Amino acid sequence: MTKNCLLCGVGGQGTVLASKLIAFAAMEKNENVRTAETIGMAQRGGCVVSHVRIGGTIHSPLIPLGQADVLIGFEPGEALRCLPYLKENGIAIVNTKAVQPITASLSGNPYCGKTMVAAIRSKVKNVVFIDGEDICHRCGSPKVLNLALLGAAVASGKLGITTDELKNAIMKRIPSKYHKMNLQAVSLAAEEVN
């Protein structure tokens, strides 16, 4: 059975690294994995979307609409924009801290993260909101947001990867000087799910 995870955010939040860690953890279990990124103007604060498909027969790396088991939203507006990918019984893991995407500033429309969070809450039955800013502060780095959100996604049980498998991927794929804070971020976020 294929597990589909869509990650979405704004350039610089670590979305692509998070998708690579999921893929690595799955490949360590000899799972069939396909990934794809849509990064657009990521270096200038643009939208970033990563597709990760695990297991089964996968004909395309892109997740069809309505087929994501897990949606990981690094930013609430981007999560709301990508909700059509989420299955009816899927789970959304969403960071509550808003980062105005370039698309919002270009449109000239006002952007409010709290409004986006409220809209997600009204549309998704199974959603976990993570205070990524607080977890980053407690870990001592704004760069652990991606691992915090992965920790929550893994703790949900919907990703098909265990916390130990994620931690193993961190130990093998991230430089050792960052292990402690990344592992802490995974643990803190997992507590919010359980």
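This is a predicted model: local features need pLDDT of at least 70, side-chain atom pairs count only at pLDDT 80 or more; totals for chains, interfaces and linings use all residues.

Helix α1 passes helix α6 in a right-handed crossing. The two helices, α1 with residues 15–28 and α6 with residues 145–155, pack at an angle of about 40 degrees, and their axes lie 9 Å apart. Angles under 35 degrees would count as roughly parallel and those from 65 to 115 as roughly perpendicular, and α1 and α6 are therefore oblique to each other. On the α1 side the contact is made by Leu17, Ala18, Leu21 and Ile22, which meet Asn146, Leu147 and Leu150 of α6. Sorted by class, this contact of α1 with α6 holds six nonpolar residues and one polar residue, with no charged residues.

The strands form an open sheet of six, in which the order is β2-β3-β1-β4-β5-β6 and the pairing is mixed. At the edges stand β2 (33–38) and β6 (127–130), each of which pairs on one side only. On average, and with direction ignored, neighbouring strands of this sheet are turned by 15 degrees against each other.

| Strands | Sense | Bridges |
|---|---|---|
| β1 (residues 3–10) and β4 | parallel | four bridges |
| β4 (residues 68–73) and β5 | parallel | five bridges |

Within β4, Ile72 has Leu7 standing opposite, while Val70 stands opposite Ile91 in β5. Strand β5, which spans residues 86–95, is mostly covered, with eight of its 10 residues buried.

Note on methods:
Residues are numbered from 1 along each chain as its sequence is written. Side-chain values use heavy atoms; hydrogens and water are left out. Axes are lines fitted to C-alpha atoms, for helices over the stretch in contact, and angles run from 0 to 180 degrees between N-to-C directions. Angles under 35 degrees count as roughly parallel, over 145 as roughly antiparallel, 65 to 115 as roughly perpendicular and the rest as oblique. A crossing is left-handed if the near helix is turned anticlockwise from the far one by less than a right angle, and right-handed if clockwise. Contact means heavy atoms within 4.5 Å. Ala, Val, Leu, Ile, Met, Phe, Trp, Tyr, Cys and Pro count as nonpolar, Asp, Glu, Lys and Arg as charged, and the others, Gly among them, as polar. Buried means under 20% relative accessible area, exposed over 50%, partly exposed in between (1.4 Å probe, protein chains only). Two strands pair if DSSP finds at least two bridges between them.
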